[in-house]
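Thanks, everyone, for making the time. I would like to walk through one model this morning, and I will give the cut-offs as we go along.

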Amino acid sequence: MAGIKEIRTKIKSVQNTRKITKAMEMVAASKMRKAQERMRAGRPYAQKVHDMAAHLMQANPDYSHPYLIERSDLKAVGVVVVSTDKGLCGGLNTNIMRLVLARLREFGEKNISCQFTAFGNKGLGTLTRIGANLVSQEIQLGDAPELDRLVGAVKVQLDDFIAGRIDALYLATNRFVNTMKQEPVFLRLLPLPGALPDPYTAFTAPQGQTKLDTEHDWDYIYEPDAKVVIDELLQRYVEGLVYQAVAENMASEQSARMVAMKAASDNAKKVIGDLQLVYNKTRQAAITKEISEIVGGAAAV
């Protein structure tokens, strides 16, 4: 009977766990929809800033912003790592950190030093454990990213790039493909390529829609002048890329958590079924044993 009691306790424990994972699945599904809406809402703004900056640079080929200057010899680079603050989202953080560590080894083989900016507790914890050079960090971003907090952390890297202390800046995040698929990506943020392609729109837009229209002369009236406008637009463009990276990662996080919690709920249901079968067999064996003892005792009398 002690075995039956233990099995019953296990069944109750798994049932309680299943209630928790089911609730977390429903919460993640609700947050996922909001995160996806927030991610998609930011794309038109980023695309418009991208188009205007590209048109202005096309109309002013003589001016070269520091963000556009290629460095011939890479000696130091910066990496912005976007991860989640919480776990229970499958292999989302594991995949992005595996990609970051692989790139870190490649840079090390070429004697290129790396400095990191961490968004999210999980990435920060991994970078701290490996002894990485952390220059800035931002955690507990919540469900909606705030641009001021993001730009404040990245500004350290941007200032180092302009000052020449790093020769390139990279961005590691999870790209949201769909609810079932999130892809870790490692993008070069600076220097910006001359054609200024949008890395996020290029992933999702139909063929041909991401190409810049070059059949017209994009001439604007500038206030105060073209240099100031281009500087400001490129700054907004870089900030938009960072914001979009965090928004994509948050949408990926909620989708991965919903899928992981659904898998956990399904597995708990299967375990409950298996334990229930073992419970019934054990209980039947105990009843059979008691009947045999009664029959044997009656026969002995």
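I will begin with the overall layout, then go on to the cores, the pocket and a few backbone details.

A word on conventions: this is a predicted model, in which local features need pLDDT of at least 70 and side-chain atom pairs count only at pLDDT 80 or more, while totals for chains, interfaces and linings use all residues. Residues are numbered from 1 along each chain as its sequence is written, and side-chain values use heavy atoms, with hydrogens and water left out.

The chain has six helices and five strands, taken as DSSP runs numbered from the N terminus, with H or I of at least four residues for helices and E of at least two for strands. Read from the N terminus, the order is α-β-α-β-α-β-α-β-β-α-α. Of the 301 residues, 42% count as buried, meaning under 20% relative accessible area with a 1.4 Å probe and protein chains only, whereas exposed means over 50% and partly exposed lies in between.

The largest nonpolar core has 37 residues, and Y67, F119, L190 and L192 have the most contacts inside it; such a core is a set of buried Ala, Val, Leu, Ile, Met, Phe, Trp, Tyr and Cys residues joined through side-chain atoms within 4.5 Å. The largest share of this core, 13 residues, is supplied by α6. Beyond its neighbours within four places in sequence, F119 is in contact (heavy atoms within 4.5 Å) with residues including V80, L141, L150 and V246.

A pocket here is an open set of points on a 1 Å grid over the protein atoms alone, where a 1.4 Å probe fits, with protein on both sides within 12 Å along at least five of seven lines, and lining residues have an atom within 4 Å of a point. Of the 25 lining residues, K86, D143, E253, Q254 and R257 are the closest to its centre, and α1 gives the most to the lining, with seven residues.

Lastly, the backbone: which residues are joined by a cis peptide bond? They are L190 and P191, with omega about -5°, and P191 sits in the loop between β5 and α5 (199-204). L88 has a positive phi near 60° although it is not a glycine, and this residue is exposed, with a relative accessible area of 54%. Q140, in the loop between β3 (134-138) and α4, likewise has a positive phi, near 55°.
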